Amino acid sequence: MSGDDDVLRTYRGKRRFDRTAEPAGGSPEGGGEPRYVVQIHDATRLHFDFRLEWDGVLKSWSVPKGPSTDPHDKRLAMPTEDHPLEYRTFEGVIPAGEYGAGPVIVWDEGTYEPLSRDFGRALEKGHISFRTHGGKLRGDWALSRFRGGEDGEREAWLLVKKNDRHASARGTPDPWRVRSARSDRTLKQVAREATEEWTREGGRS
Ligand code: MN
C-alpha cells in the first residue's frame, strides 16, 4: 500500500462524498510519464488549480491569475492539499454548501518532464523546474517557494515561465472564455448544465 489513506486525509476531511461528485481517491492509477492538469475553478474567487502528479498524488497549487506564457509574469501560487490522482479528470459543479462550491473545468492537461535533479527533494526544498507537454502549456517552468515552509507561516510560491521558444507575450487567456480540454465547454456552460440536471432530478423526486 502507498500510505494513500494518510496523505489524502486533509483532502477527504474537507469533503462529503455523498454530496460532491469529486473523487474520494484510492483507485490505482499512474505508470508512464507523470501528468499535470490545470483546472479553472469559480469558487469564492475564480482561480486556476495547477496540479502535478508526484508520488501517487496530485501536488496542488491555487494560482489566482493562472499560468502565464510571459516570463516576466510571476504568478502567485498558494499550495493546497494533495489531491487524488483521479481528480485529474474532474469537471463539474461542486454543490452549494460544500467545500469549494462552484464550477470546475479541465482547462489543460498533459504530461510533464521533471527537470530538477531529485525532483521529490527539490519539491521539499521549494524549487522545481519541469517541462510541460500539453495541449496548451508547453515548455519549461519554474515553481519556487518564496515564503513560509519552515517557520509555520503559510507557504507562497511563484509560477514562472522560462524564456524558451514556447514563451510569448500572450499571457493568460480569459478564464471565462476558454473551453474545457475534455468537453469543450466553458465554465458557464458547465454551471448551467449542472443546474439544469439538478432541477430535473428535483422535479422527479
Ligand atoms: Mn480550486
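## A walk through the rings and strands

Let us start with a group of aromatic residues: Y36, F50, W54, Y112, F119 and F130 are linked into a cluster by ring pairs. Here, rings of Phe, Tyr and Trp (its six-membered ring) pair if their centres lie within 6.5 Å; planes under 30 degrees apart count as stacked, over 60 as edge-to-face and the rest as tilted.

Before going on, please note that this is a predicted model, in which local features need pLDDT of at least 70 and side-chain atom pairs count only at pLDDT 80 or more, while totals for chains, interfaces and linings use all residues. Residues are numbered from 1 along each chain as its sequence is written, and side-chain values use heavy atoms, with hydrogens and water left out.

Now back to the rings. The structure holds ten aromatic pairs. One of them is formed by Y36 and F50, which are stacked at 6.5 Å centre to centre, with 20 degrees between the planes. This pair links distant parts of the chain, with Y36 in strand β1 (residues 35-42) and F50 in strand β2 (residues 46-54), 14 residues apart. Helices (H or I, at least four residues) and strands (E, at least two) are DSSP runs, numbered from the N terminus. Are Y36 and F50 buried or exposed? Y36 has 1% relative accessibility, so it counts as buried, and F50 is also buried, with a relative accessible area of 1%. Buried means under 20% relative accessible area, exposed over 50%, and partly exposed in between (1.4 Å probe, protein chains only).

The rings of Y87 and F90 make a tilted pair, because their centres are 5.2 Å apart and their planes meet at 45 degrees. Y87 is buried at 2% relative accessible area, and F90 is buried at 7%.

Next, look at strand β9 (residues 156-161). Why is β9 largely enclosed by the rest of the structure? Five of its six residues are buried, so the rest of the structure largely encloses it. Strands pair if DSSP finds at least two bridges between them. Strand β4 (residues 75-83) runs antiparallel to β9 and is joined to it by three bridges; A77 has W157 in β9 as its bridge partner. Strand β8 (residues 138-147) is also antiparallel to β9, with six bridges joining the two, and L143 has L159 as its bridge partner.

Finally, find K161, which lies over the face of W141, at 5.4 Å from the ring centre. A charge sits over a ring if NZ of Lys or CZ of Arg is within 6 Å of the ring centre and within 35 degrees of the ring normal.
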